[in-house]
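I opened this notebook to keep track of what I looked up, one topic at a time. The entries below follow the order in which I went through the strands and helices.

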Amino acid sequence: MVDYSRVDSLYGAHGSLRTIGRMLVVENLSKAYGARTILDRVSFSVAAGEYVAIVGESGAGKSTLLNLIAGLERPDSGRVAIDGAAMTALDDNARTRLRRLRVGFVFQAFHVLPQLTLAQNVEVPLVLAGVDAHERAARAQALLEAVGLGARARSAPAELSGGELQRVALARALVHRPALVLADEPTGNLDPETAAATLALIAGEIRARRAAGILVTHSSAAATRCDRVLRLDAARLRPA
């Protein structure tokens, strides 16, 4: 079980809180694949410390929207700014650097590296950010303990269940204390109790660190934990 009572101690004592009003700004974002329009002039913003749910039918474009925000795909038009930096105006290398430093992404697929231990997987964002080895190890261990896997830090991913791998992916997404947390169905492989605790851990990171958070989910129960719920339907984003 995830120990989400540890969130304040994990995050409250490290770093300064951000005071920018809108951590994420999306303006007139459009994307089509061939003749099919996925997103049509989507605009919204997320404030520092705010947690927003995006709901909609399968295939509505929710994952595409997250990929565009993270700079993993290019929009046909429109703008994305993260913590004041215009993601859509950057070249490939600059987008990659911004994503590594400022974005935590929990994918539907775990993307856990099979050749690394759990601790090494969680440390990956810190290695890319140039954090020293001692600090990397301490922060990775703290996150693994928070998601209930502290005793298995040296285990290989092949030894874990799907739900446990999802928790490793969550720890990796949060370990570098990102300005923006993007979670794409993060509880799909978890039992109800662990899912609830995992959602609380994500919310705790967002609020304690004053990051911005977006949760893509099919779960109405998960969406109600957020500050706002938006629905993606017919390529447009509206209040749910």
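**Basis.** I am working from a predicted model, in which local features need pLDDT of at least 70 and side-chain atom pairs count only at pLDDT 80 or more, while totals for chains, interfaces and linings use all residues. Residues are numbered from 1 along each chain as its sequence is written, and side-chain values use heavy atoms, with hydrogens and water left out.

I looked up the strand order (strands being DSSP runs of E with at least two residues, helices runs of H or I with at least four, both numbered from the N terminus) and found an open sheet of four strands, β2-β1-β4-β5, with antiparallel pairing. The edge strands are β2 (36–47) and β5 (85–86), each of which pairs on one side only; pairing requires that DSSP finds at least two bridges between two strands. I noted that β1 (residues 22–33) pairs with β2 in the antiparallel sense over eight bridges, and that A32 has T37 of β2 as its bridge partner.

**Strand β7.** I then asked how many residues of β7 (residues 180–184) are buried. Five of the five are, so β7 is largely enclosed by the rest of the structure, where buried means under 20% relative accessible area, exposed over 50% and partly exposed in between, with a 1.4 Å probe and protein chains only. In a regular strand the side chains alternate between the two faces of the sheet. In β7 both faces are covered, with L180, L182 and D184 buried on one side and V181 and A183 buried on the other. The strand pairs in the parallel sense with β6 (residues 103–106) over four bridges and with β8 (residues 212–216), also parallel, over five bridges. Helix α4 (residues 118–128) and helix α5 (residues 133–146) pack at about 125 degrees with their axes 9 Å apart; the axes are lines fitted to C-alpha atoms over the stretch in contact, and angles run from 0 to 180 degrees between N-to-C directions. The two helices are therefore oblique to each other, as angles under 35 degrees count as roughly parallel, over 145 as roughly antiparallel, 65 to 115 as roughly perpendicular and the rest as oblique. The contact (heavy atoms within 4.5 Å) involves residues including L118, V122 and L126 of α4 and A137, A140 and L144 of α5.

**R238.** I finally looked up R238, which lies in β10 (residues 236–239) and counts as partly exposed because its relative accessibility is 39%. Leaving aside neighbours within four places in sequence, R238 is in contact with L230, R231 and D233.
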